[in-house]
Amino acid sequence: MAAMTGTSFSLDGIGFEIDGKALLHPLTLSVPTGEVVGILGHNGSGKSTLLKILARFQAPTAGRAEYAGQDLVSFRTKDYARRVAYLPQQTPDTDGMTVREVVALGRYPWHGALGRFSALDKLKVADALKLTSMTALADRVVDTLSGGERQRAFVAMLIAQDTECLLLDEPISALDISHQIEVMELIRMLAHEHKKTVLIVLHDINMAARYCDRLIALAGGRLVAHDETAALITAERLDAIYGVRMGIFPHPQTQSPISYVL
């Protein structure tokens with residue numbers, strides 16, 4: 001495991017284009033370990049493209065990416081899945097599966113399709129259910145759950161995968177405010193208490209300001225900012241990201257910045 005004071009991802013000129021159109025212009029940045037890193041930007045800004053490259057679901061057409069000092073292309077698929085877990089925007093079809101069965105899918109990189117489900121696998125599933133407060137719902141069919149419960153089940157699947165890093169693409173976009181907070185509290189806890197690195201695509205600027213340690217901002221497929229959250233959530237920088245004039249004031253209790261459209 002990479003040292004907590006070290007770097008998880010290092011990107012050097014990473015870019016992606018298709019049919020001559022750049023979806024992600026070459027960018028260079030490093031992501032520290034053990035933080036919640038939000039990825040912001042308008043629709044089509046390259047957020048999901050960047051996350052897919054980091055997840056190795058999509059190969060970059062330019063540049064080089066490393067995880068914990070090792071080139072992404074050099075990892076064996078199973079070895080990478082033991083270190084980095086990915087939850088796309090469109091969650092997998094559960095097709096009548098129970099919560100426990102879905103969470104158990106996270107153990108696949110460790111035992112393979114024909115491997116036996118070991119005592120350790122069962123322990124990791126039980127721990128993931130407990131950590132996400134899903135133990136009582138373990139035998140429920142996922143399709144019968146609320147949106148927040150479903151998302152917690154998928155996060156539990158990633159926890160059971162027992163990786164150092166989680167990549168989450170808009171995990172709260174379809175949730176109501178109470179379930180958004182529930183999921184974001186869980187994500188922050190995984191980073192700060194369980195020492196996982198989390199990269200998460202978000203649309204809600206105020207959620208990002210409250211729960212992320214650091215932000216990556218994209219506009220038109222280009223990197224426009226990469227900084228600690230408090231330094232990035234300013235009127236000038238939000239205007240550069242979204243092209244909208246916004247004001248900022250501090251939260252009365254947490255002092256985290258809250259933005260609003262002028």
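This is a predicted model: local features need pLDDT of at least 70, side-chain atom pairs count only at pLDDT 80 or more; totals for chains, interfaces and linings use all residues.
Student: What makes α6 and α7 roughly parallel to each other?

Tutor: The axes of α6 and α7 cross at roughly 15 degrees. That value falls under the cut-off of 35 degrees, so α6 and α7 are roughly parallel to each other. Their axes come within 9 Å, and the crossing is right-handed.

Student: Which residues of α6 and α7 meet?

Tutor: From α6 they are Gly 148, Gln 151, Arg 152, Val 155 and Ile 159. From α7 they are His 179, Glu 182, Val 183, Leu 186 and Leu 190. By class, this contact has five nonpolar, three polar and two charged residues.

Student: How do you know whether His 179 is buried or exposed?

Tutor: Its relative accessible area is 18%. Buried means under 20%, so His 179 is buried. His 179 lies in helix α7, which covers residues 177-192. Neighbours within four places in sequence aside, His 179 is in contact with Ser 146 and Gly 148.

Student: What makes α5 oblique to α6?

Tutor: Their axes cross at roughly 140 degrees and come within 8 Å. Roughly antiparallel needs an angle over 145 degrees, roughly perpendicular covers 65 to 115, and the rest counts as oblique. An angle of roughly 140 degrees is therefore oblique. The crossing of α5 and α6 is right-handed.

Student: Which residues meet where α5 contacts α6?

Tutor: Lys 124, Val 125, Ala 128 and Leu 131 in α5 meet Ala 156, Ile 159 and Ala 160 in α6. Six of the residues in this contact are nonpolar, one is charged and none is polar.

Student: Which residues have the most contacts inside the largest nonpolar core?

Tutor: They are Val 99, Val 103, Leu 168, Met 184, Ile 187, Ile 200 and Leu 202, in a core of 52 residues. Helix α6, residues 147-160, gives the most to this core, with eight residues. There is another core apart from it, of 28 residues, including Phe 16, Leu 27 and Leu 54.

Student: What does Leu 168 touch?

Tutor: With residues up to four places away in sequence left out, Leu 168 touches Leu 51, Leu 87, Leu 158, Ile 187, Val 198, Leu 199, Ile 200 and Val 201.

Student: Why does Val 224 count as partly exposed?

Tutor: Its relative accessibility is 39%. Buried means under 20% and exposed over 50%, with partly exposed in between, so Val 224 is partly exposed. Val 224 sits in strand β10, residues 222-228. Beyond its neighbours within four places in sequence, Val 224 contacts Ala 217, Leu 218, Ala 219 and Ile 241. The C-alpha atoms of Val 224 and Arg 237 are separated by 8.4 Å, although the two residues are 13 residues apart along the chain.

Student: What is the phi of Arg 56?

Tutor: Phi of Arg 56 is positive, at about 65 degrees, and Arg 56 is not a glycine. Most residues other than glycine have a negative phi. Arg 56 is in the loop between α1 and β4. With 28% relative accessibility, Arg 56 counts as partly exposed.

Student: What is phi of Lys 195, and where is Lys 195 found?

Tutor: Lys 195 has a positive phi near 60 degrees, and lies in the loop between α7 and β8. At 45% relative accessibility, Lys 195 falls between the limits of 20% and 50%, so Lys 195 also counts as partly exposed.

Methods:
Residues are numbered from 1 along each chain as its sequence is written. Side-chain values use heavy atoms; hydrogens and water are left out. A nonpolar core is a set of buried Ala, Val, Leu, Ile, Met, Phe, Trp, Tyr and Cys residues joined through side-chain atoms within 4.5 Å. Buried means under 20% relative accessible area, exposed over 50%, partly exposed in between (1.4 Å probe, protein chains only). Helices (H or I, at least four residues) and strands (E, at least two) are DSSP runs, numbered from the N terminus. Contact means heavy atoms within 4.5 Å. Axes are lines fitted to C-alpha atoms, for helices over the stretch in contact, and angles run from 0 to 180 degrees between N-to-C directions. A crossing is left-handed if the near helix is turned anticlockwise from the far one by less than a right angle, and right-handed if clockwise. Ala, Val, Leu, Ile, Met, Phe, Trp, Tyr, Cys and Pro count as nonpolar, Asp, Glu, Lys and Arg as charged, and the others, Gly among them, as polar.
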